[in-house]
Amino acid sequence: MPQLLNNNDNNININKIRYLIKKYRPPFWVYDGDMICKKIKLLKKFDVIRFAQKSCSNIHILRLMKSKNVKVDAVSLGEIERALISGFKSNTNEIIFTADMLDEETLHKVANYKIPVNAGSLDMLTQLGQVSPGHHVWLRINPGFGYGHSKKTNTGGDNSKHGIWEPKLALPIIKKYKLKLIGLHMHIGSGVNYMHLTKVCKSMIQNVIELNQKISSISAGGGLSIPYKFNEKPIDIEKYFISWDYARKKISTFLKKNIQLEIEPGRFLVAESGILIARVWATKKTNNNNFVLVDVGFNDLMRPTMYGSYHHISVISGDNRKIDLKNMIDTIVAGPLCESGDIFTQKIGGTIQTRKLPEIKTGDYLIFHDTGAYGASMSSNYNTRPLIQEILLKNNHSIVIRRRQTIQEILKLEQ
């Protein structure tokens with residue numbers, strides 16, 4: 001949920017932001033490490049918390065996770081390398097590689113480092129078995145249905161590329177290559193719908209019974225939502241845990257052994273910890289619209305353009321005037337990219353909408369809230385724009401955890 005900037009009890013407040021603006025020069029990302037630690041504690045009933053690092057893959061964030069005994073999920077060769085350099089150990093369950101395909105380089109990496117593989121396709125199992133017989137594997141199962149706030153975040157059902165549709169077909173491959181099946185994983189998409197949750201838990205129980213393999217773990221996957229708007233309710237973690245714990249107990253009884261219950265959160269742990277600070281460089285009016293242009297674009301924060309996602313926006317004056325919150329103006333917030341779609345106030349499908357914001361002047365600063373997940377990690381160099389700084393707040397100190405990229409560094413790859 002967006003943090004109120006006038007609340008000095010919050011680690012990220014208007015005074016702290018003004019200090020950071022003066023010290024680091026926008027634009028930049030900020031993460032509240034204390035908030036991340038608080039979110040980890042909310043999931044303490046689960047046996048294993050495995051961070052979906054794709055949501056926020058900075059190695060300093062990963063090291064913070066490891067210090068709190070959180071394990072990590074990697075979905076690419078690069079994420080495996082990030083996990084290793086952050087201190088997560090190979091040949092353990094600290095890193096799991098989840099994918100639906102294996103290229104040659106990644107295949108040899110997981111084989112050589114004995115990193116358990118959460119396989120989303122039968123071909124993966126065959127390729128892995130040929131190179132690394134006896135390797136530890138999970139099966140990512142597509143239960144035949146999915147859920148998500150956008151079609152692009154739905155990871156289950158007929159239209160999803162993710163997961164194994166008929167897990168029974170995996171058993172002959174596992175047997176042939178003496179692969180060690182250690183767990184079943186089921187993730188249908190982002191966002192929590194309790195009706196769908198019940199279906200997923202039932203499907204997990206049914207798949208365990210039908211496969212009848214001596215697994216040691218089940219994974220509830222990720223997709224835990226956070227309230228991006230003030231009127232949205234936070235997820236009921238206790239209710240979520242009770243549903244999965246019931247499934248775990250049923251499975252433990254059937255297999256006559258204790259089964260570990262994993263959860264794989266991404267945005268839940270980091271989204272609310274983050275803000276993006278940008279400066280206003282231009283304002284303009286058309287016949288019907290009031291535009292505010294800032295120095296970040298969808299190359300920095302992709303979610304509004306990609307998914308039509310909402311991020312609350314706060315305004316901090318650049319001239320120390322008091323912001324008038326009584327007279328709000330219909331405003332479109334846009335970035336600097338040479339793209340009509342470079343708009344932060346839009347709906348799913350690209351329909352531009354206005355946002356009620358106070359009068360904004362050139363030199364003011366806009367704060368995009370809840371950007372700790374799928375913000376910096378989805379950034380690109382589109383329009384040859386350098387990646388911006390990342391700042392971590394922890395124990396009342398601020399540190400640069402990714403310096404600002406230079407244009408020369410981008411061009412050097414091509415010279």
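Colleague: What should I know about the model before reading any feature?

Modeller: The model is predicted, so local features need pLDDT of at least 70 and side-chain atom pairs count only at pLDDT 80 or more, whereas totals for chains, interfaces and linings use all residues. Residues are numbered from 1 along each chain as its sequence is written, and side-chain values use heavy atoms, with hydrogens and water left out.

Colleague: Where does Ser132 lie, and is Ser132 buried or exposed?

Modeller: Helices (H or I, at least four residues) and strands (E, at least two) are DSSP runs numbered from the N terminus, and Ser132 lies in the loop between α6 (122–131) and β6 (136–140). Buried means under 20% relative accessible area, exposed over 50%, and partly exposed in between, with a 1.4 Å probe and protein chains only; Ser132, at 12% relative accessibility, counts as buried.

Colleague: Which side chain makes a polar contact with the side chain of Ser132?

Modeller: A polar contact is a pair of N or O atoms within 3.5 Å; within protein, one must be able to donate a hydrogen and the other to accept it, and residues adjacent in sequence count only if both atoms are side-chain atoms. Here the partner of Ser132 is the side chain of His135, at 2.9 Å. For contact in general, meaning heavy atoms within 4.5 Å, Ser132 touches Ala111 and Leu179 once its neighbours within four places in sequence are left aside.

Colleague: How many salt bridges does a search of the whole structure find?

Modeller: A salt bridge is a side-chain nitrogen of Lys or Arg within 4 Å of a carboxyl oxygen of Asp or Glu, and the search finds 13 of them. One of these joins Asp364 to Arg321, with the closest N and O atoms 2.6 Å apart. This pair links distant parts of the chain, 43 residues apart, with Asp364 in the loop between β14 (355–357) and β15 (365–369) and Arg321 in the loop between β12 (313–316) and β13 (329–334). Asp364 counts as buried at 1% relative accessibility, while Arg321, at 22%, is partly exposed.

Colleague: Which parts does the salt bridge of Lys356 and Asp330 tie together?

Modeller: Their side chains meet at 3.0 Å, N to O. Because Lys356 lies in strand β14 and Asp330 in strand β13, the pair ties together parts that are 26 residues apart in sequence. Lys356 counts as exposed at 52% relative accessibility, and Asp330 is partly exposed, with a relative accessible area of 37%.
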